[in-house]
Amino acid sequence: MNPSPGTIARNGGAVIPGLSEADLTDAQARRTWAALGHGAWISDALLRPWRQQVEQAGQWQAHTHGGYHPVAVDLTGFWPPRLRGCPTTHYQAAAGNVLPAIPSGHCRRLLREAVTRSAPDDALVVDRESGVALLHEVGATAYVARLPKNFTARRATLPAYGGRGRPPTRCKIVRPLPCQRQGRQIAATPPDQVTTWAEGTTVVRTEAWLALVLPDTHPDSPTFTVIAIHDPRYREPLLLATPLALPPQSVRGLYRDRWPVEQIPLAAKQMLGAARQFVHEPETCQRLPELALIAGAIVSYAAATLPAVPTGFWDRQPRPTPGRLRRVLARRRFPHDFPLPVRLREKRTVTEHLPKGFFGQRRPPAAEPV
């Protein structure tokens with residue numbers, strides 16, 4: 001039993017007031033709050049039936065580029081209150097880098113888990129936060145990664161010996177894009193391949209550098225290709241790296257399919273009110289963001305597949321966005337006549353003597369050994 005979209009958003013991230021506004025009784029709100037932190041459930045059990053329902057509906061279609069399915073990998077931060085024993089402050093989108101997030105190896109763990117779960121025809125698609133070095137460290141062999149503008153690499157083959165002096169031990173530097181250093185303009189390395197194609201009246205040009213390795217690795221390290229995509233509709237070129245032998249159109253298509261991954265955190269945090277979460281129990285601090293992301297995915301899918309509903313008389317050309325759907329659902333009462341599964345039944349147990357709310361989730365400290 002969950003609150004309707006918008007109740008938590010109106011209460012600034014507070015869960016119990018959001019449950020109370022969802023037409024739940026005090027006992028139901030307490031039980032739901034307790035189930036959030038200590039209920040016997042996992043997120044995978046919620047994601048599997050949701051994925052089956054989306055696939056059976058037939059409105060969502062998986063994209064394939066060059067025989068590979070894009071798998072977007074990204075991190076998002078959730079603001080919690082200050083935790084006991086935390087060495088630093090917490091993430092807050094409004095403050096940016098002034099309040100840094102908790103330092104940890106989340107990115108490395110996420111990429112390692114993504115590599116473990118990837119199918120042979122999956123390609124990990126990551127942004128600049130996940131560099132090529134980190135992808136090679138976790139064993140990724142099929143990926144498309146965005147690179148910074150000042151990225152440099154080296155050729156995988158040593159230059160030929162000139163016959164005099166010491167034989168070369170390092171490969172030549174490759175600089176895909178020009179840059180400035182100490183007021184001096186450094187030209188880009190000429191590309192190995194140049195490809196152009198037309199998209200309507202726009203001509204897209206790509207430059208590729210083949211068989212590259214990272215600057216601080218050996219020539220026998222895993223190689224990759226760097227592709228610079230120059231689209232006149234954008235101010236700066238898009239710089240991508242991939243070890244896959246795909247045409248530039250397919251590599252660009254794989255990366256463009258990464259952008260929708262930003263929609264789910266946007267819907268979860270900004271539309272449903274999970275940007276601020278006032279919970280303190282360690283298990284609840286993990287479970288509430290998980291439920292928020294699942295709810296954000298459901299609201300985004302429902303908004304995209306249902307007819308667009310205008311917010312008001314001024315909204316003459318409404319679009320199917322999760323914000324509009326959330327406003328519509330917020331004006332409806334929480335459904336109490338929804339048929340529940342046979343296994344779910346009301347548990348008539350006396351609980352008046354038990355602690356409620358936040359104090360009901362706190363477990364007693366473990367006894368000290370004698």
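Trainee: What does Arg319 touch, leaving out residues up to four places away in sequence?
Mentor: Arg319 touches Ala308 and Arg324, with residues up to four places away in sequence not counted. Keep in mind that this is a predicted model.

Trainee: And where is Arg319 found?
Mentor: In the loop between α9 (282–305) and α10 (322–330). The C-alpha atom of Arg319 is separated by 7.7 Å from that of Val309, and the two residues are 10 apart along the chain.

Trainee: Is Arg319 buried or exposed?
Mentor: Arg319 counts as exposed because its relative accessibility is 60%, and the cut-off for exposed is over 50%.

Trainee: Another loop, then. Where is Asp231 placed?
Mentor: Asp231 is in the loop between β10 (224–230) and β11 (238–242).

Trainee: Buried or exposed, that Asp231?
Mentor: Asp231 has 8% relative accessibility, so it counts as buried. Buried means under 20%.

Trainee: Which side chain makes a polar contact with the side chain of Asp231?
Mentor: That of Arg233, at 2.9 Å. Setting aside neighbours within four places in sequence, Asp231 is also in contact with Thr202, Val204 and Arg252.

Trainee: Moving on to the nonpolar cores. Which residues touch the most other members in the largest one?
Mentor: Leu111, Tyr143, Phe151, Phe224 and Val226, in a core of 26 residues. At least two residues of this core come from each of α5 (106–117), β2 (122–126), α6 (132–137), β3 (143–146), β9 (202–213), β10 and β11.
Mentor: There is also a second, separate core of 16 residues, with Ala208, Leu244, Leu246 and Val251 among its members.

Trainee: Take Phe151. What does Phe151 touch, not counting residues up to four places away in sequence?
Mentor: Phe151 touches Val174, Arg175, Pro176, Leu214, Phe224, Val226 and Leu239 on that count.

Trainee: How many cavities of 30 Å³ or more does a search of the whole structure find?
Mentor: One. The largest cavity holds about 50 Å³ of space, and its lining consists of Arg128, Arg146, Leu147, Pro148, Lys149, Glu236, Pro237, Leu238 and Leu239. By type, that lining has five nonpolar residues, four charged and no polar.

Trainee: Now backbone angles. What is the phi of Gln182?
Mentor: About 55 degrees, a positive value although Gln182 is not a glycine. Most residues other than glycine have a negative phi. Gln182 lies in the loop between β6 (179–181) and β7 (184–186), and its relative accessible area of 82% makes it exposed.

Trainee: And what is the phi of Ala211 near?
Mentor: Phi of Ala211 is near 50 degrees, again positive in a residue other than glycine. Ala211 sits in strand β9 and counts as partly exposed because its relative accessibility is 40%.

Trainee: Last one, the overall numbers. How many helices and strands does the protein chain have?
Mentor: There are 11 helices and 11 strands in the protein chain. Of its 370 residues, 35% are buried. Among contacts with a separation of 6 or more, 53% are between residues 24 or more positions apart.

Conventions: Residues are numbered from 1 along each chain as its sequence is written. This is a predicted model: local features need pLDDT of at least 70, side-chain atom pairs count only at pLDDT 80 or more; totals for chains, interfaces and linings use all residues. Side-chain values use heavy atoms; hydrogens and water are left out. On a 1 Å grid over the protein atoms alone, a cavity is a set of points where a 1.4 Å probe fits but cannot get out, and a pocket is an open set with protein on both sides within 12 Å along at least five of seven lines; lining residues have an atom within 4 Å of a point. Grid points are joined across faces, edges and corners, and a volume is the space filled by probe spheres set on the points. Ala, Val, Leu, Ile, Met, Phe, Trp, Tyr, Cys and Pro count as nonpolar, Asp, Glu, Lys and Arg as charged, and the others, Gly among them, as polar. Helices (H or I, at least four residues) and strands (E, at least two) are DSSP runs, numbered from the N terminus. Buried means under 20% relative accessible area, exposed over 50%, partly exposed in between (1.4 Å probe, protein chains only). A polar contact is a pair of N or O atoms within 3.5 Å; within protein, one must be able to donate a hydrogen and the other to accept it, and residues adjacent in sequence count only if both atoms are side-chain atoms. Contact means heavy atoms within 4.5 Å. A nonpolar core is a set of buried Ala, Val, Leu, Ile, Met, Phe, Trp, Tyr and Cys residues joined through side-chain atoms within 4.5 Å.
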